[in-house]
Amino acid sequence: MSYQHIFGPVLSRRLGISLGVDLVTHKICSLDCVYCECGKTTRLTLERGDYVLFDAVKTELDHYWEHNEDPDYITFSGSGEPTLNQDLGRVIAYIKTQKPKIQVAVLTNSTLLTDPNVRQELALADLVVPSLDAVSMAAFLKINRPCKALLLEDMIQGIQTFANKFTGKLWLEIFILPGINDTQEELTALKKIITRIDPEMVQLNTLDRPGTVSTLRPASKEELDRVKEILNMDIIQIIAKVTDKKNMGQHRDMASAILETIHRRPCTRDDLVAVLTADPDQMDTLLATLEADGQIEARQQARGVFYRTVKK
Ligand code: SF4
């Protein structure tokens, strides 16, 4: 069966093995972020709908569970805003009934958190990652290019209302674009809002691949460090895949990192590239060397070639 609405799974540092579910079709969203990796929003809307039918997702999940090991997480994300699907709560409830041990994560752009129904549905998840890239109207319009009907202050209030009642984990994600949302003024205002929301963690991200606007550039490690310093809170983490000179030494240890990772759980080459933030060519060379040395072995499985350590 080829899946239309579920993807992966991928191995991530924080979530372990995570299976993705996409509840909207390309490219339905309430924002049209300049950094979006999925391309330009073609249907900009705040209206919830049955963009992907519950039964279609259920069929794919049932098939996946029947033929694969359970992932650690099922994560709602993909090519648009998952809360736009009116059946989000129904799908989460279905997963929780069928597979209570699998954790559910939802990555949301926060725009629909103004809606009490959406907040109620998201409350069923174990982890919610709302985005908040800007707290000034100017930066919000420049970065997120929202649906006209959306008011930034309402959206912020929606995140806060949800966060104050939510009993699961809440990680706030902020996408840093140099020169737009990293001014002292913006960050000082952002810090006040973060304090109001009181998330468990704040994740700083930046461009990894080209966004929809070609002139954008990612924040450097130094720029992200500066943002972290200005926000000055223990809960801030940089999750962007940036390297600095200090990290260069880590590459020498990549072979050990590969061995440690696959010793715990066999991985594909792409899993390893993602989880170790490695250069794909370097990964191919190291895997070939470790295999020739007899330290690891490759096995073909349904999701691709998996590498595991050789027991001696
Ligand atoms: S909210 Fe997410 S999917 Fe929507 S435009 Fe922004 S980055 Fe893309």
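The crossing of helices H1 and H2 is right-handed, a crossing being right-handed if the near helix is turned clockwise from the far one by less than a right angle, and left-handed if anticlockwise. This is a predicted model, in which local features need pLDDT of at least 70 and side-chain atom pairs count only at pLDDT 80 or more, while totals for chains, interfaces and linings use all residues. Residues are numbered from 1 along each chain as its sequence is written.

The two helices (DSSP runs of H or I with at least four residues, numbered from the N terminus) pack at an angle of about 25 degrees, with 10 Å between their axes, which are lines fitted to C-alpha atoms over the stretch in contact, with angles from 0 to 180 degrees between N-to-C directions. H1 and H2 are therefore roughly parallel to each other, a term for angles under 35 degrees. The table lists the residues that make their contact (C-beta atoms, placed from the backbone, within 7 Å).

| Helix | Residues in the contact |
|---|---|
| H1 | Phe54, Val57, Lys58, Leu61 |
| H2 | Arg90, Val91, Tyr94, Ile95 |

By class, this contact of H1 with H2 has six nonpolar, no polar and two charged residues, where Ala, Val, Leu, Ile, Met, Phe, Trp, Tyr, Cys and Pro count as nonpolar, Asp, Glu, Lys and Arg as charged, and the others, Gly among them, as polar.

On the scale of the chain, the domain assignment gives domain 1 (6–242) and domain 2 (247–309), and the C-alpha centres of these domains lie 29 Å apart. Six residues from domain 1 and six residues from domain 2 take part in the contact.

Definitions and conventions:
Domains from an automatic or database assignment. Contact = placed C-beta atoms within 7 Å. Parallel < 35°, antiparallel > 145°, perpendicular 65-115°, else oblique.
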